[in-house]
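Please read the following note with the sequence and the model open beside it. The points are set out by topic and may be checked one at a time.

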Amino acid sequence: FQSKKFRLQTLDMSFTLIGDAMIFLAAGVASIQSLKSLRLSHAFIGDRGLQSWAVGLANNENLETVDLSGNQSISAVGLRCLSDVILTAVNLKELKLSYNSMNDEGLQALAAGMTNHCTLEKLDISSNAISSEGLQALTAAKPSSLRWLNLANNAVDDDTLKAFVGGLENLCIETLNLSRNRITASALS
């Protein structure tokens with residue numbers, strides 16, 4: 001991966017069994033400045049693996065899309081490292097974190113890096129365990145460029161939705177997916 005002639009733009013290592021051994025690949029992949037899209041979904045990356053990737057990815061100015069979906073052992077510890085990447089990733093437009101068992105603490109850690117972030121447009125945090133505290137942290141972070149948000153299949157209930165809608169005025173969301181949550185008609189009144 002170290003060659004100057006290497007012009008890789010998309011790297012997909014989804015559904016591999018590499019897991020935390022990706023630590024050894026992280027430095028090489030991070031040196032590919034042409035990389036725009038990194039897909040590591042369902043690759044058994046845990047906090048340790050994500051920490052290694054985060055160090056390298058923080059220096060990649062061209063990265064636009066990161067897909068970490070389906071890595072169920074990523075906790076708030078790993079998401080804090082990813083939060084640091086978000087702060088420095090000047091071109092990051094899309095982040096996929098669905099099916100990661102992310103809870104409110106995890107979204108709070110992630111949201112810290114999204115404070116007034118000016119390039120993140122799409123965030124997929126569906127099929128996690130996010131409820132009111134996590135969503136309050138997200139709206140308080142005011143990610144100014146966020147236009148698309150997928151919250152499907154989380155722990156959003158009527159009270160959570162009412163609190164979240166109040167914070168939406170701080171965001172410019174154009175598309176919001178709330179399907180497969182515990183929302184009833186009473187939340188809409």
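**Note on the predicted model**

At the start of H6, a side-chain oxygen of Asp157 lies within 3.3 Å of the backbone nitrogen of Asp159. The model is predicted, so local features need pLDDT of at least 70 and side-chain atom pairs count only at pLDDT 80 or more, while totals for chains, interfaces and linings use all residues. Residues are numbered from 1 along each chain as its sequence is written, and side-chain values use heavy atoms, with hydrogens and water left out.

1. **Helix H6.** Helices (H or I, at least four residues) and strands (E, at least two) are DSSP runs numbered from the N terminus. Helix H6 covers residues 158-167, and its buried residues are Asp158, Thr160, Leu161, Phe164 and Gly167. Buried means under 20% relative accessible area, exposed over 50%, and partly exposed in between (1.4 Å probe, protein chains only). The buried residues of H6 pack against helix H5 (132-141), strand S6 (148-150) and strand S7 (175-177); contact here means heavy atoms within 4.5 Å.

2. **The sheet.** Seven strands form an open sheet in the order S1-S2-S3-S4-S5-S6-S7, with parallel pairing. Strand S1 (10-12) and S7 are the edge strands, each pairing on one side only. Two strands pair if DSSP finds at least two bridges between them. S6 and S7 are joined in the parallel sense over three bridges, and Leu149 stands opposite Leu176 in S7.

3. **Helices H4 and H5.** Two packed helices are described by the angle between their axes and the distance between the axes. The axes of helix H4 (residues 104-112) and H5 come within 7 Å and cross at roughly 10°. H4 is therefore roughly parallel to H5, a term for angles under 35 degrees. Axes are lines fitted to C-alpha atoms, for helices over the stretch in contact, and angles run from 0 to 180 degrees between N-to-C directions. Among the residues making the contact are Leu107 and Ala111 of H4 and Leu135 and Leu138 of H5.

4. **Ser98.** Is Ser98 buried or exposed? Ser98 counts as buried because its relative accessibility is 6%. This residue is found in the loop between strand S4 (94-96) and H4. The side chain of Ser98 makes a polar contact with that of Ser69 at 3.0 Å. A polar contact is a pair of N or O atoms within 3.5 Å; within protein, one must be able to donate a hydrogen and the other to accept it, and residues adjacent in sequence count only if both atoms are side-chain atoms.

Notes
Parallel < 35°, antiparallel > 145°, perpendicular 65-115°, else oblique.
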